[in-house]
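Please examine the sequence and the three-dimensional structure shown below before reading on.

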Amino acid sequence: MFKTRKEIVFVVLAGIFITNAVVAELIGGKLIQIGPFVMSIGILPWPVVFLTTDLINEYFGEKGVKKLSFITACLIAYAFLILFMAIVIPAAKGISPVNDEQFLAVFGQSMWIIVGSLIAFMASQLIDVWIFWFFKRRTGERKIWLRTTGSTVVSQLFDSFIVLGIAFWLPGKINFDTFLSSALIGYTFKLTIAILLTPLIYVGHHLIKKYLDEEKSAEKKEDTIE
């Protein structure tokens, strides 16, 4: 385990990816207002998920992202199962600093939201991977911005509409106009953040490449000495 720097890089990126994806689902019930726009606070960790998805794509390929996405989806489902059990088990009366009503208000998620978020997550990740490699096969190592930003632009369009559609529009909690406007606002925010993060993609790419190249150089020196 962890004999190579590439293994260490994957574990670190996977940990960041999974943590932010799970946290985004857990905090998604809180709404924030930015100017005239209202959106879920769960949007905040997603830019980090975009960033790590692109870096994993770059260094570990299509299979690496797909496997990690399936693992993360299972972990999100597991987290919701544990939360469901925690909600069902009653709090100690007069002892617990958080009562059942408070706990439910923060962590209570409807099944529609859980289903919607999981389907949206998997769909957007698979679309992201496909588009990323569509561009990379045509540009090689050039135009990192095109494959990273391009894949995010399309995948998050699907994510924004799927999660709101399944969680709120299909059950009749919001009308179609509200669904459309909310999805477009969320998508615009994600798109803006993705574009602003483009320089960080290059920074992350450079640091990882430098870190891995140092190991390759050391291995070549050892081979030469032998």
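This is a predicted model: local features need pLDDT of at least 70, side-chain atom pairs count only at pLDDT 80 or more; totals for chains, interfaces and linings use all residues.

Residues are numbered from 1 along each chain as its sequence is written, and side-chain values use heavy atoms, with hydrogens and water left out.

**Helix packing**

Two packed helices are described by the angle between their axes and the distance between the axes. Helices here are DSSP runs (H or I, at least four residues), numbered from the N terminus. The axes of helix α2 (residues 46–88) and helix α5 (residues 144–169) come within 10 Å and cross at roughly 125 degrees. Axes are lines fitted to C-alpha atoms over the stretch in contact, and angles run from 0 to 180 degrees between N-to-C directions. α2 and α5 are therefore oblique to each other; angles under 35 degrees count as roughly parallel, over 145 as roughly antiparallel, 65 to 115 as roughly perpendicular and the rest as oblique.

On the side of α2, the contact is made by Phe 50, Asp 54 and Glu 58; on the side of α5, by Arg 147, Thr 148, Ser 151, Thr 152 and Gln 156. Contact means heavy atoms within 4.5 Å.

**Aromatic pairs**

Rings of Phe, Tyr and Trp (its six-membered ring) pair if their centres lie within 6.5 Å; planes under 30 degrees apart count as stacked, over 60 as edge-to-face and the rest as tilted. By this rule there are 11 aromatic pairs. One of them joins Trp 46 and Phe 121, a tilted pair with 6.0 Å from centre to centre and 40 degrees between the planes. This pair links distant parts of the chain, since Trp 46 lies in helix α2 and Phe 121 in helix α4 (residues 111–139), 75 residues apart. Ring pairs also link Phe 161, Trp 169, Phe 176 and Phe 179 into a cluster.

**Burial of single residues**

Buried means under 20% relative accessible area, exposed over 50%, and partly exposed in between (1.4 Å probe, protein chains only).

| Residue | Relative accessible area | Class |
|---|---|---|
| Trp 46 | 10% | buried |
| Phe 121 | 1% | buried |
| Lys 143 | 42% | partly exposed |
| Thr 198 | 13% | buried |

Lys 143 is placed in the loop between α4 and α5. Its phi is near 55 degrees, a positive value in a residue other than glycine. Thr 198 belongs to helix α7 (residues 198–225). Leaving aside residues up to four places away in sequence, Thr 198 touches Trp 145 and Thr 149.

Technical notes: Helices (H or I, at least four residues) and strands (E, at least two) are DSSP runs, numbered from the N terminus.
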